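I opened this notebook to record what I looked up in one protein model. The entries go from the overall layout to single residues.

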Amino acid sequence: MGSSQSSEKLHCNRYLDGQGPPSLVQQASEEVNGVNGVLPGCQPKGQMTWVILHRDLRGFPDDNTLQINYKFPDGIQSEKHPQPGQPYAGLRLCAYLPDNREGRRILKLLEKAFNQQLLFTVATNANGEDTVATASIPLKAQPDGADGYPDADYLKNVKKLLRDRGIE
């Protein structure tokens, strides 16, 4: 791998040249690796399911909650990942949406993005371990608090980021 290639890494490789991936705003608005729209997915094999919780999210007092469950077992990295042939740690993650018209629309879009392998990737964490991590679409992993609701622009922002990747 020559030095001229290091700045051309796919987002899936998390820019191993030390610069880190571009921000979500940059990814949504700039050309990525010479192509706009849907990037080839580098998501490992996993499962996405969802359930309805009979409780509201902060900011959505009249709605139940959609809990999306993502499950990825431990595995071996493919050629699309930072270290092909090396193991990676799996992931279990719950994400939350309001159970209303817009939340259900976003759920369908997230399911489409998951099926196109765009939501998760294998990345090296701060401890130097390769693990399944979210890719470029932010997920609300807490029903409330620092990474949760209320977040007035979350649904609109996720919808835009998905649309920018060809998910409509």
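**Entry 1: overall layout.** I noted at the outset that the model is predicted. I counted three helices and seven strands in the protein. Reading along the sequence, I recorded the pattern α-β-β-β-β-β-α-β-β-α. I then looked up burial and found that 40% of the 168 residues count as buried. The accessible surface comes to about 9,300 Å², and carbon and sulfur atoms account for 48% of it. For contacts between residues at least 6 apart in sequence, I found that 61% join residues at least 24 apart.

**Entry 2: the open sheet.** I traced an open sheet of three strands, in the order β1-β2-β5 and with antiparallel pairing. Its edges are β1 (47-53) and β5, each of which has a single partner strand, so one side of each lacks a neighbour in the sheet. From one strand to the next, the twist averages 20°. I next examined the pairing of β1 with β2, where seven bridges join the two antiparallel strands. As one instance, I noted that Leu53 has Thr65 of β2 as its bridge partner.

**Entry 3: the nonpolar core.** Which residues have the most contacts inside the largest nonpolar core? I found Tyr70, Leu97, Leu110 and Phe120, in a core of 32 residues. The elements that contribute two or more residues to this core are β2 (64-72), β5 (91-99), α2 (101-115), β6 (120-124) and α3 (154-164). Of these, α2 gives the most, with six residues. I then listed the contacts of Leu97, leaving out residues up to four places away in sequence. Among them are Leu66, Ile68, Ile106, Leu107, Leu110, Tyr149, Tyr154 and Leu155, and the list also includes Asn64 and Thr65.

**Entry 4: Gln43.** I turned to Gln43, which lies in the loop between α1 (24-29) and β1. Is Gln43 buried or exposed? With a relative accessible area of 7%, Gln43 is buried, because the cut-off for that class is under 20%. I then asked what the side chain of Gln43 reaches. I found the backbone nitrogen of Leu119 at 3.1 Å, and the backbone nitrogen of Phe120 is also reached by the side chain of Gln43, at 3.1 Å. Beyond its neighbours within four places in sequence, Gln43 is in contact with Phe72, Phe114, Gln117, Leu118, Leu119 and Phe120.

Note on methods
Residues numbered from 1 in each chain as written. Predicted model: local features only at pLDDT ≥ 70, side-chain atom pairs only at ≥ 80, totals over all residues. Heavy atoms only, no water. Core = buried A, V, L, I, M, F, W, Y, C linked by side-chain atoms within 4.5 Å. Buried < 20%, exposed > 50% of the residue type's maximum accessible area, 1.4 Å probe, protein only. Helix = DSSP H or I, 4+ residues; strand = E, 2+ residues; numbered from the N terminus. Contact = heavy atoms within 4.5 Å. Pairing = 2+ DSSP bridges. Axes fitted to C-alpha atoms, helices over the stretch in contact; angles between N-to-C directions. Areas by Shrake-Rupley, 256 points an atom, 1.4 Å probe, with all protein chains shown as cover. Polar contact = N/O pair within 3.5 Å; in protein donor to acceptor, adjacent residues only side chain to side chain.
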